[in-house]
Amino acid sequence: MLRSLVAKLLWALFTIWAVVTLTFFVFNVLPEDPARVIAGPQARPADVARIREQLGLDRPITTRYRLYLEQMFADRVGQSAAIGVTVGTGGKAPPPSRVSLGPISLDLGTSYLLRKPVVDVLGRALPPTLLVGILALAIQVAVGTAAGVIAAHRRHTVFDWGTVALTLVGISAPTFLTGLLLQHVFAYELRVFPLGGYSPEASWAVRAHEAFLPAVTLGLFGAAYYARLVRDEMIVLLKADFIRTARAKGQRDFVILYRHALRNALVPLVTVLGLNMGVLVGGAIVTEKIFRWPGIGYYTVSALQERDGPIIIGVVLLFSTVVVLSNLLVDVSYAALDPRVRRR
Amino acid sequence: MRSIHEKTERALLLLVALCALLACRANVTGPIGERRDVQPQRGGVLRTAFFTNVRTLDAATAFDTASAALEGLIYDTLVSYDDAGKIVPLLAESVDVSADGKRFTFTLRKGVRFQDGSELTARDVKRSLERALHADTPCPVASFYDRIAGYDEYRKGKAAELSGVKLAGRYTVEIALSDTDATFLHVMALPIAAPVCPGAGKTWDAEFGISPCGAGPFRVTRFEHGRVVELRRHDGYWQKGKPYLDGVEWQLGMPAFTQRFEFESGGFDYMREFSDADSLLYRTHPAWKGHGAWASSMTTAGLFMNTQRPPFDNRHLRRAVSYALRAEHIAAIRQGHVWPHRKVVPGAIIESTPGYPGQRHDPKQALAEMKAAGYPYDPSTGEGGYPEEIEYVALLESFGQQAAEIYQQQLARIGIRIRLQLVSWPTFLTRTGRRGEVAMGTSGWHADYPHATNFFEPILTTKAISDENSQNLSFFSNRELDELVRRARRTPDDAEVRRLIREAETIVAREAPWVTSYEYRYFELWHPYLHGYRPHPVLSQHVRDVWLDLEARRDDRRARATRPCFRLVPGTRDACRPATRSALAAVGGR
């Protein structure tokens with residue numbers, strides 16, 4: 001078990017490195033000029049060339065990659081001129097901002113556009129993303145699982161048909177439609193929730209209040225998906241021999257459903273949940289735009305639109321780490337859910 | 001079972017219909033009360049929003065429409081524009097120009113204070129210019145100032161100071177140019193040249209863009225990327241009694257539909273970023289009549305053709321395209337916002353008068369040009385025409401894409417088939433600016449400053465051509481045009497500029513490297529309690545001198561708070577106040 005875990009951890013590290021390296025090279029070989037985007041359409045070619053030079057984009061790609069890695073791991077203040085971090089700051093650049101993960105300390109460079117350390121930008125965007133993500137996840141799992149279990153238990157009833165139909169609507173409706181609808185009805189017409197925005201200085205209650213509509217927008221889509229998944233899984237399980245045995249032994253419905261059937265149905269749910277974590281962290285782009293939620297998705301979109309390389313690479317590093325780690329967690333949780341995995 | 005299924009379906013349909021009814025009812029709320037005749041008064045915070053984000057508010061590096069509106073509140077420049085769009089002194093008391101037009105002497109007003117309390121002197125003017133044009137400053141338009149003597153050496157880091165900028169006293173600064181330049185005062189009116197507080201230092205620093213400091217009427221108290229810029233009145237502002245507002249709160253990155261919700265619920269006092277549907281709704285709503293106005297954007301657009309590569313190295317083919325396009329069809333897509341326009345310079349700079357040279361729609365002439373180009377086309381049989389499809393590059397999900405789809409149909413009528421290549425903004429910039437890469441595509445130009453030469457020099461002259469990042473997208477080179485623009489930039493005589501530009505327009509109409517088909521306008525709307533606002537001919541969203549009728553605004557807020565309002569969490573922003581009787585009466589038009 002331990003050997004397998006260590007192997008998975010090493011594989012996870014390799015995956016993260018490979019994804020980041022691939023992103024670096026893909027971004028840097030694109031036939032587009034970030035300096036041109038940063039300078040804007042009115043900038044004259046001489047000004048674009050000057051900005052390219054300041055950002056270090058005139059250097060060969062291999063040099064940039066080497067300097068990027070050096071800067072990422074070199075814990076030396078003021079020596080991180082790899083991709084224009086201190087170039088062009090007149091010697092007054094803020095100290096490189098680093099993120100520490102135990103013994104590892106990383107400097108992800110400076111955003112071309114915002115001229116702020118990437119770690120700072122992502123560090124500010126992460127709390128609102130996590131707030132909405134966790135709320136949305138709770139809604140997804142709670143609503144989806146409950147609806148799926150009840151629909152499977154009361155199969156061929158109005159509730160079952162209603163759940164199937166509503167989940168179809170939930171899966172099919174794009175988040176921009178759901179988001180706009182919720183915003184119009186609950187924020188504009190009824191004024192129960194704010195139209196959008198996030199107050200980092202406010203209390204948790206106020207922030208949760210602000211996060212509610214974005215979380216429901218995201219949560220409805222996932223809940224519909226989980227409801228279908230749990231319902232289908234439960235329908236198969238409720239016909240299984242071990243359930244029939246439990247019934248024959250006189251177990252109550254509640255125990256059969258939640259202790260025997262649902263526990264088995266959780267394995268595929270947890271698998272999907274692990275994969276879904278990355279989507280929740282980075283996939284809330286449309287929702288964040290509608291509700292002006294300053295999360296990772298918001299910055300990702302503008303970074304992609306304006307070719308802000310350091311931010312893009314930082315986001316990819318963050319996403320890949322979240323996805324890889326949550327999958328690692330899923331693998332570990334299999335052992336907790338399924339005793340057969342523990343014995344392997 | 002079937003019956004249950006049908007009932008469920010009916011119930012669901014009813015639910016969806018109810019939601020749709022609640023969500024989609026077109027309910028434009030009218031303005032509350034009439035506009036009262038009130039004198040300028042102090043107080044109140046103006047609230048509005050941008051769809052876009054603002055990266056920085058550093059005068060030296062910010063150069064886009066959104067940040068320009070905010071910079072107009074934070075910084076004062078030596079010269080600016082009056083209500084008619086003419087250049088007038090602002091921080092400068094007077095400006096003297098030498099007879100040869102190469103030396104500008106700015107005499108500063110005395111007693112002008114920066115927002116940090118320090119006094120503005122000539123030294124600050126020199127320091128601010130040198131800071132903006134420093135070798136390490138990522139100024140996107142530094143080359144606008146390349147005629148200042150010593151610019152090249154200083155920008156390349158070979159000189160310690162900008163030799164062309166000299167101090168001639170505590171309040172006098174002289175700027176020497178290497179060549180006569182009639183546009184120099186325009187570039188001095190840009191925020192790039194605005195004096196910044198001494199704390200900004202001599203070199204650029206990223207942090208200054210977050211907490212900027214200038215000599216303008218408002219100081220920044222809060223700037224959060226993607227969220228908000230909050231400004232408060234600069235109490236030591238040199239214009240006594242101004243500004244009238246206590247502050248301005250400008251939300252960032254807010255979608256147009258959310259802006260409308262905020263405007264309708266009284267959260268915003270002014271707005272201009274409407275969806276097409278909302279714009280039409282407000283413009284035609286009788287209750288809002290007289291509360292909005294059109295603002296020029298000083299932008300013209302159309303398509304370009306690459307004159308250095310086939311097939312548009314053939315002048316007749318370019319002329320055929322020019323005659324084939326019908327601008328009225330483009331304008332019909334976004335009625336009001338887009339106007340048919342067939343010359344390079346927008347009407348806001350040189351108005352279009354009958355007989356003014358420009359391009360025109362003439363299908364017969366277009367077919368004659370096709371014949372002259374060697375590709376005769378018979379519209380009745382569809383035979384002939386240019387044999388190959390031509391790639392047309394347009395920006396994805398933009399108005400340029402919609403216009404390109406119309407061009408596609410119009411050009412098909414003269415036997416030219418174009419294939420749309422829809423690309424992202426970075427790809428568009430890179431591909432269209434590369435020599436020999438693109439045959440044709442969307443073109444457009446927004447004035448850097450309101451001088452007619454700015455619509456030729458950066459985009460249609462030989463010196464604007466480069467192998468990469470060329471701004472002359474048609475790679476058009478014409479010595480006669482170059483000379484006309486050069487002379488127009490040197491002469492201070494407006495009538496002479498107009499005459500020279502008229503000749504330049506004639507050349508473009510004849511050679512057709514660009515085909516201009518429309519110009520763009522914005523619709524702006526404000527509540528009746530906002531006074532003193534009128535779209536400025538040059539400065540975008542120029543709200544620095546407006547004032548609020550605070551009593552009328554209070555009534556407005558109360559009246560708008562009559563809808564049900566549930567405060568779930570104490571301290572949240574929604575104000576759930578009861579409506580007063582007078583306010584309810586004022587809502588008559590709702």
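A salt bridge is counted here where a side-chain nitrogen of Lys or Arg lies within 4 Å of a carboxyl oxygen of Asp or Glu. In the predicted model described below, local features need pLDDT of at least 70 and side-chain atom pairs count only at pLDDT 80 or more, whereas totals for chains, interfaces and linings use all residues. Residues are numbered from 1 along each chain as its sequence is written, chains are lettered from A in the order in which they are written, and side-chain values use heavy atoms, with hydrogens and water left out.

By this rule, 53 salt bridges are found over all chains. One of them joins R435(B) to D467(B), with the closest N and O atoms 2.6 Å apart. The two residues belong to distant parts of the chain, 32 residues apart, since R435(B) lies in the loop between helix 12 and strand 18 of chain B and D467(B) in the loop between helix 13 (457–460) and helix 14 of chain B; helices (H or I, at least four residues) and strands (E, at least two) are DSSP runs, numbered from the N terminus. R435(B) is partly exposed, with a relative accessible area of 37%, and D467(B), at 47%, is likewise partly exposed, where buried means under 20% relative accessible area, exposed over 50%, and partly exposed in between (1.4 Å probe, protein chains only). Salt bridges that share partners also join R315(B), R318(B), E480(B), R510(B) and E511(B) into one network.

A further salt bridge is formed by R47(B) and E249(B), whose closest N and O atoms are 3.5 Å apart. Because R47(B) lies in strand 1 (residues 45–49) and E249(B) in strand 10 (residues 247–251) of chain B, this pair ties together parts that are 202 residues apart in sequence. R47(B) is partly exposed at 25% relative accessible area, while E249(B) is buried at 16%. In the salt bridge between R222(B) and E224(B), the N to O distance is 2.8 Å; R222(B) is partly exposed at 23% relative accessibility, and E224(B) counts as buried at 19%.

Turning to the interface, 80 residues of chain B are in contact (heavy atoms within 4.5 Å) with 63 residues of chain A. The area buried between the two chains, that is, the accessible area (1.4 Å probe) that two parts lose on being put together, summed over both, is about 6400 Å², of which carbon and sulfur atoms give 55%. In chain B, R55(B), F261(B) and N469(B) lose the most area to chain A, together 11% of what that side buries. Two salt bridges are found across this interface, and the side chains of E306(A) and R55(B) meet in a salt bridge with an N to O distance of 2.9 Å. Several elements of chain B each supply at least two residues to the side that touches chain A, among them helix 4 (151–155), strand 8 (218–224) and helix 6 (256–264), but helix 1 of chain B gives the most, with seven residues.

Within helix 6 of chain B lies E262(B), which is buried with a relative accessible area of 16%. Apart from its neighbours within four places in sequence, E262(B) is in contact with L195(A), M254(B), G267(B) and F268(B). By contrast, P492(B), in the loop between helix 14 (479–490) and helix 15 (494–511) of chain B, counts as exposed at 73% relative accessibility.
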